[in-house]
Amino acid sequence: MVTAAVLGGGGWAVQQAVGNAAATPPDNQKMWIALGAMAAVGLVFGLVMAGRVSPLATFVPSMVLLAWTVVYALDVNRALSFIPAEPSVHQIVRDAGFGAKTLLTTGVFALLGVALFIPVLMPSRWSRRDDEMDEDYETTPEGSYY
């Protein structure tokens, strides 16, 4: 979910904001929608980073973002070929792709990938939570049938 939010939602919001900033006169409604989408992506990002969910919830998106950044650093054309730009693709998906290109080429994906990887390194994320229900059950002494 985080990967889709960052790549799709973040890319679309960036494309709308950049396109609106270049327009004369700028459309305030589109700008507010783009800022709202950015805030929603930031909320999902923050909840996964700060919340105590599975460590894979941050590990998988961090690996996707960092791997795409490494591919971009090694072979720019190959990394940019992953972005859908064909006319047969829906306009919203193309906008999200162009925004993702902006985020990739400016290094924002590398920054977000490292930020998502930091919670994976915390041992408390990998430990089992104490269940409150465990205290309600009685322990049986060894050697008894019940």
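Reply: Happy to! Let's start with a term: a contact means heavy atoms within 4.5 Å. In this chain, residues 24 or more positions apart account for 71% of the contacts with a separation of 6 or more.

Me: Where does the model come from, and how are residues numbered?

Reply: This is a predicted model, where local features need pLDDT of at least 70, side-chain atom pairs count only at pLDDT 80 or more, and totals for chains, interfaces and linings use all residues. Residues are numbered from 1 along each chain as its sequence is written, and side-chain values use heavy atoms, leaving out hydrogens and water.

Me: How many helices and strands in the chain?

Reply: There are 7 helices and 0 strands. Both are DSSP runs numbered from the N terminus: helices are H or I with at least four residues, strands E with at least two.

Me: What share of the chain is buried?

Reply: Of its 146 residues, 28% are buried. Buried means under 20% relative accessible area, exposed over 50%, and partly exposed in between (1.4 Å probe, protein chains only).

Me: New topic: how many salt bridges?

Reply: The search of the whole structure finds 1. A salt bridge is a side-chain nitrogen of Lys or Arg within 4 Å of a carboxyl oxygen of Asp or Glu. Here Asp75 pairs with Arg78, with the closest N and O atoms 3.6 Å apart.

Me: And is Arg78 buried or exposed?

Reply: Arg78 is exposed, at 52% relative accessible area, while Asp75 is partly exposed at 33%.

Me: What about Trp126, which helix is that in?

Reply: Trp126 lies in helix α7, residues 123–126. Trp126 is exposed too, with a relative accessible area of 51%.
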